[in-house]
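I opened this chain to see how it is put together. These are my notes, in the order I looked things up.

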Amino acid sequence: MANQGLTYDGCNFFRQRLVLSMLSGKRVKIKSIRSKDDNPGLRDFEASFIRLMDKVTNGTRIEINQTGTVLFFQPGLLYGGAVEHECNPQRSIGYYLEALLMLAPFMKNPLRAVLKGVTSDQKDPSVDTLKVTAIPLMKKFGLDGEGLELKIVKRGMPPGGGGEVLFSCPVRRTIRPVQLTDPGKIKRIRGTAYSVRVSPQMANRIVDSARSVLNKFIPDIYIYTDHMKGANAGKSPGFGLTLVAETLNGAFLSAELVSNPQGQGDPVLPEDLGRNCAKLLLEEIYRGGYVDSTNQSLSLLYMTLGQQDVSKALLGPLSPYTIGFLRHIRDFFQIMFKMETQKEDEESRKGGDKVLMTCVGAGYTNISKTLK
């Protein structure tokens, strides 16, 4: 079975396919990648992603045809170690980091990656968001200890980039099963308003406007302002806000907004950005669940690869990306989740309908981890 490859069409879910290919050891062939487009084939950011995957593995075979519309990917050993990568500025570092979060625990050596490029844009989860949501989530699965760290060394806004991020993660032999079923009530809201190459006052204006919305609900709000200067501020001006709500049982729900890149679209007022981001956070809280919509697939992957035991997680409405991910998990690991919809009535005030996801882990063990 292991040597049989899988074949897919199109450029959607590109990262999911390569990540699951590396974890399952099944080779993958993706054809007709934007074949009808005026500019066919893989984009630069996807090529950059493939190069990063090549750096963290050993013995991966990649073949791409002349036009870039067909990709053949034969995964090698997840090697890890120290990696430095210049991410393509078309997508933010979050695009690359999300894949590394999925792969890092299963490497041979603890991963220590330095990624350079755009730290936050309007398409992908920013590094700030992943730092406050994905990292605590990984701890729930037993990936804690000294080694787990995500640090923004320099910020870089689009289109110029110039940011730098350090991500290090310990390796584990197995992933422990989880019961993430009851998030509990929101106890506090934290956030970071950041600004680079604009007036430092921008961040304060964002904070005031975000607080004006959130103060009606909860008193425990603290939004840090982060104004990086000089060499640490990257190449382009911009500002943004990341908010995260923490519940009593240690679930984290987040929302974020970033200003329009220089020279694209109308300039955004910091007041509007703060207010809208606060509203997005309230919407994310309404959707609820134990894991916010950004990290649904990360939690489902760790549940799939857990020890042979039952894992449960309560999620808000599944995003289309997560639904695609579940289908891919079925293709690569033959694991299906039991999904129960939980209707929330108006009285309980628990927000939108939830889905309880249950699965038995595949009992995946990290065979390449070096035994000390």
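**Contacts and overall size**

I started with contacts, meaning heavy atoms within 4.5 Å. Of the contacts in the chain with a separation of 6 or more, 75% join residues 24 or more positions apart.

I noted the ground rules next. The model is predicted, so local features need pLDDT of at least 70 and side-chain atom pairs count only at pLDDT 80 or more, while totals for chains, interfaces and linings use all residues. Residues are numbered from 1 along each chain as its sequence is written, and side-chain values use heavy atoms, with hydrogens and water left out.

Does the radius of gyration point to a compact globule or to something else? A compact globule of 372 residues would have a value near 21 Å, and the chain has 20 Å, which agrees. I took the radius over C-alpha atoms; the globule rule is 2.2 Å times the number of residues to the power 0.38. Along the principal axes, the C-alpha atoms fill a box of roughly 55 × 50 × 50 Å.

I then checked the surface. The chain exposes about 16,400 Å², and carbon and sulfur atoms supply 49% of that. Accessible areas come from the Shrake-Rupley method with a 1.4 Å probe; for residues, only the protein chains shown count as cover. Buried residues make up 54% of the 372. Here buried means under 20% relative accessible area, exposed over 50%, and partly exposed in between (1.4 Å probe, protein chains only).

**Secondary structure and record**

I counted eight helices and 18 strands in the chain. Helices (H or I, at least four residues) and strands (E, at least two) are DSSP runs, numbered from the N terminus.

For residues 181-285 I get 29% helix and 34% strand, with the end C-alpha atoms 15 Å apart.

**Two open sheets**

I took pairing to need at least two DSSP bridges between two strands. E7 and E8 (residues 109-117) run parallel, joined by six bridges. Glu86 has Lys116 in E8 as its bridge partner.

E17 and E18 (residues 354-360) pair in the antiparallel sense over five bridges. Gln342 stands opposite Lys354 in E18.

**Covered helices**

In H7 (296-304), nine of the nine residues are buried. Those buried residues pack against H1, H3, H4, E16, H8 (320-333) and E18.

I followed two of these partners. H3 (93-103) has eleven of its eleven residues buried, including Tyr95, Tyr96 and Glu98. H1 (residues 14-24) has ten of eleven buried; among them are Arg15, Gln16 and Arg17. Gly25 follows H1 with a positive phi, near 75 degrees.

**Gln307**

My last stop was the loop between H7 and E16 (310-315), where Gln307 is found. Is Gln307 buried, exposed or partly exposed? Gln307 is partly exposed, because its relative accessible area is 34%. Leaving out residues up to four places away in sequence, Gln307 touches Thr174, Ile175, Arg176, Pro177, Gly361 and Gly363. Gln307 and Val56 are 251 residues apart in sequence and 24 Å apart in space, C-alpha to C-alpha.
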